[in-house]
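Please consult the sequence and the structure alongside it.

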Amino acid sequence: MARSDVQLMLDVKAGDELSFELLLHKYRKPLVNFLCRMVRDQAVAEDLAQEVFFRVYRARKEYSPSAKFTTWLFRIATNLALNAIRDGRYRQMQISIDAPAAEDEPAFQLPSREARADDKLIERERNQMIRGAILTLPEKQRVAVVLHKYHDMDYAEIGKILGCSESALKSLLFRAYETLRVQLALLVARPAAQTAGEGKRHEL
Amino acid sequence: MSCEKISNALIAYLDGRASGDERFVVEAHLKLCAACQERAEEFRRLWNVMAEVPSVEPSPAFDARLRQRIADAPKPKFWGWMIPAPRFALALALLVALSVWVGGRQPRSVNPQNTAANSEEQFRMIKDLGVLENYDVLSNFDALSDLPASAQPAQDQQQKPPSDAPGSGSGA
């Protein structure tokens with residue numbers, strides 16, 4: 001029978017190095033992805049993820065299972081990421097969709113699937129836009145959205161990580177998604193053909 | 001229910017985590033409100049768009065780097081217990097420093113012989129206190145210094161012992 005994360009961590013506390021390897025194997029990728037969405041740069045995200053696991057290992061002797069292991073793990077990661085962002089050690093490249101472009105800089109063009117031949121390039125640009133929009137969110141909203149959308153965490157757990165109530169979290173999420181809906185309106189908007197079709201149906 | 005009040009329950013409704021009551025309220029509102037219906041649709045599409053972003057793979061050297069870092073970390077020293085509680089360590093250090101400082105201000109320990117000698121000296125001073133006070137008054141008594149010169153020798157003679165005044169009363 002598979003051991004729970006808490007049991008694995010208790011085994012690490014008891015000196016079982018293999019249990020730490022299992023936790024590392026299980027959470028390495030989710031943690032790097034979470035941090036990558038927080039700070040954008042993968043190398044920076046990996047540095048921070050290393051620091052998270054190092055702190056978990058260093059604190060193994062004091063570990064007490066007062067919360068879910070993931071709550072503890074992501075709380076450490078969140079604090080490190082927010083500190084890194086606030087310190088400005090890791091400068092993030094943010095895309096502002098509304099910001100006016102410089103004179104010599106070509107205006108930001110929304111990639112459309114039909115207009116561009118190179119699908120890979122379109123896909124990359126769309127991904128950059130989405131990542132950029134997430135990065136423009138205020139810190140707490142960003143953490144909430146990333147944990148909700150990409151890590152499928154429940155409200156109670158995200159609330160514990162952020163130190164807020166479920167009701168406050170729901171409000172935070174609504175505001176965050178509302179901002180993203182506006183920022184990514186061109187990607188989110190219904191395809192023109194569909195809208196036109198509906199219009200014709202109404203006319204008929 | 002107003003659009004504003006429905007907003008907090010809308011996300012939970014769309015991600016399938018709303019309670020039965022919440023779902024009922026949101027569905028009832030969406031049937032009546034075209035704007036919220038449109039917004040809910042756009043949220044759904046937004047989530048689909050967000051799901052397009054692929055996840056990244058940690059670099060192959062990730063585990064090895066971490067193992068190396070753990071191996072290189074200095075082993076905890078015997079005072080290592082203080083490291084997780086730097087405030088406590090600082091408070092303890094300040095307390096020790098304060099104790100040393102306050103201890104230095106206290107009078108040195110005295111042995112019984114010194115105490116007895118000090119008491120005797122203090123007793124002698126108290127006994128002579130009246131003389132000392134008189135001396136102080138007389139030495140600072142301005143009226144005496146204003147006396148005429150002729151009066152002063154007489155006064156001096158009165159103060160001198162008899163053997164030192166063979167011609168006493170000559171000036172009277």
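Q: What makes up the confidence summary of chain A?
A: The model is predicted; local features need pLDDT of at least 70, side-chain atom pairs count only at pLDDT 80 or more, and totals for chains, interfaces and linings use all residues. On pLDDT, the predictor's confidence in each residue from 0 to 100, chain A averages 83, and 78% of the residues score at least 70. Residues are numbered from 1 along each chain as its sequence is written, and chains are lettered from A in the order in which they are written.

Q: Where in chain A is confidence lowest, and where highest?
A: The lowest mean, 51, belongs to helix 10 (residues 192–203), and the highest, 96, to helix 6 (residues 139–150); helices are DSSP runs (H or I, at least four residues) numbered from the N terminus. Over residues 199–204 of chain A the pLDDT is below 50. Where pLDDT is low, the predicted coordinates should not be read in detail.

Q: How do you know that Leu73(A) touches Val52(A)?
A: Contact requires C-beta atoms, placed from the backbone, within 7 Å. Beyond four places in sequence, Leu73(A) touches Val52(A), as well as Tyr27(A), Leu31(A) and Val56(A).

Q: Which residues does the contact take from chain A, by type?
A: The contact takes 30 residues from chain A and 26 residues from chain B. The chain A side divides into 15 nonpolar, six polar and nine charged residues; Ala, Val, Leu, Ile, Met, Phe, Trp, Tyr, Cys and Pro count as nonpolar, Asp, Glu, Lys and Arg as charged, and the others, Gly among them, as polar. Helix 8 of chain A gives the most to this side, with eight residues.

Conventions. Two residues are in contact if their C-beta atoms, placed from the backbone, lie within 7 Å. Helices (H or I, at least four residues) and strands (E, at least two) are DSSP runs, numbered from the N terminus.
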